[in-house]
Amino acid sequence: MDITSLKYFVKVCQNNSFSKAAQELFVTQQAISRIIKNLEKEIGAPLFYRDSKGVYPTELGKYILPKAEVLVKEFENFVAEINDMVNKKKEKLRVGFAPGTLQVLGVKEIVEFESKYYDIEIEIGEYTDVDCELNVLNGFLDLALTVRPKDEKRFKYYHLIKENLIAIVNKNNPLSHKKSIKFEDLKDEKFIILDDTFRIQRVLMEHFKKAGFTPNVYYKSSHDLNVAYDFVELNKGIFVFVEKLTHVEKYNNICCIPIDEPDVFWDVGFIVKKNTKISPAAEKFINYFLSKNRSRTTQSSN
C-alpha cells in the first residue's frame, strides 16, 4: 500500500467513477483500475461495488476513506512545503576575495556551504585588497575576505587566519644556505614586490622600515606571480610572499627561506562595512567559516 494507491482510491470514491477519476488524475482508466485491483488484492477484500449508476465504496471502503483522505492531504501538504523551501526566492550574498584568499578558504568548502544553506545564492569575485575594501564600502559587496585593513574605523573585521611569510630566493644567493632569516638580512638585496593594491606590501614596507632600510626594487608586479618567480629564477631579486600561497615546484633554481620574525605574518579575515546591519546570509557565511577554522585549529593542536 502506497500513497499513490490511496490517492487513486480517494478520487474514485469522490467521483463514484473510474473514468472521471482518471480524467482528474490525468491517467488512463485502465491504470486506475489496475492500481485499485492491486490495492484490493493487497488488502484482501473488495473496496467497491458497482451498479448502473457508478461505483461505490463497500463498508470497508467507507471505513478506509476518511483515513485515506487525511493521509493523502498530509502528504500533499508535505510535498508543497518541500517545494516551497526549495523554490522560494534565495537570498543573494555578494562575496569578494582578495588574491589567494579563495585558495585558503577552499572552493570545496564554499560548495559545502551552499549545500547546507540552499536558501542562499552566492556571487563571488576576485579583487585586489584595495578593491575589496572599496567595494564593501560602496555596497557592491556584502563582505570580503582580505588582508586586515589598516583603517578599521570604516570596517568591522573578523580575523580568520594568520599565515607565515617567506623569502623566495635564488639558490645562488648566499641567503639560500640559511635556515631562516630576519628582515635586516635583506637590506642589501634587490626585490621583486607587488604593487600597492596588495595590503601585504604595506605590511612589508613597515618591516623594512623597522629593519632600517628602504628596499631596492627591481620590479613591481601587478598580479602575475609567475613573473615574480621568473625574475627570482634569473637571480634578479628576492620575492617575499605568503608561504601557503607560494608554488615554485617547477622552478629549479628557487628555494624558500622562512622569515623568523614574531610579528611577521599574513593576517586575513572577513570585512563588512562598519555601522551597517549585517544581513542574515552574510552572518551565516562568516560564522560558518570562523567555526570551521576553529575546529580545524583545535584538531591540529591535539
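**View 1. Phe191 stands opposite Ile238, a residue of strand 10.** Welcome to the close-ups, which begin inside a sheet. Helices (DSSP runs of H or I, at least four residues) and strands (DSSP runs of E, at least two) are numbered from the N terminus. This is a predicted model, in which local features need pLDDT of at least 70 and side-chain atom pairs count only at pLDDT 80 or more, while totals for chains, interfaces and linings use all residues. Residues are numbered from 1 along each chain as its sequence is written, and side-chain values use heavy atoms, with hydrogens and water left out. Strand 8 (residues 190-194) runs parallel to its partner, strand 10 (residues 238-242), and 2 bridges join the pair. Two strands count as paired if DSSP finds at least two bridges between them. Strands of a sheet pair through backbone hydrogen bonds, either parallel or antiparallel.

**View 2. Five strands form an open sheet in the order 9-8-10-7-11.** The pairing in this sheet is mixed. Strand 9 (216-221) and strand 11 (254-258) are its edges, each pairing on one side only. On average, neighbouring strands here are turned by 30 degrees against each other, direction ignored. For such angles, axes are lines fitted to C-alpha atoms (for helices, over the stretch in contact), and values run from 0 to 180 degrees between N-to-C directions.

**View 3. Two helices lie across strands 7, 8 and 10.** Helix 9 (residues 225-233) lies across strands 7, 8, 9, 10 and 11, at about 140 degrees to strand 10.

**View 4. His207 sits in helix 8 (residues 199-210).** Is His207 buried or exposed? With a relative accessible area of 8%, His207 is buried. Buried means under 20% relative accessible area, exposed means over 50%, and partly exposed is in between (1.4 Å probe, protein chains only). Leaving out residues up to four places away in sequence, His207 touches Phe183, Asp263 and Val264. A contact here means heavy atoms within 4.5 Å.

**View 5. The largest nonpolar core has 62 residues.** A nonpolar core is a set of buried Ala, Val, Leu, Ile, Met, Phe, Trp, Tyr and Cys residues joined through side-chain atoms within 4.5 Å. Trp266, Phe270 and Phe285 have the most contacts inside this core. Helix 10 (residues 280-301) supplies its largest share, 7 residues. Where does the core lie? Domain 2 (91-160 + 267-300) and domain 3 (163-265) both give residues to it, so the core lies between them. The domain bounds come from an automatic or database domain assignment. Apart from this core lies another, of 21 residues, including Val10, Val12, Ala22 and Ile36.

**View 6. Val55 belongs to strand 2 (residues 54-57).** Val55 is buried, with a relative accessible area of 6%. Which residues does Val55 touch, not counting those up to four places away in sequence? They are Val12, Asn16, Ser17, Phe18, Tyr49 and Arg50. Although Phe18 and Val55 are 37 residues apart in sequence, their C-alpha atoms are 7.7 Å apart in space.
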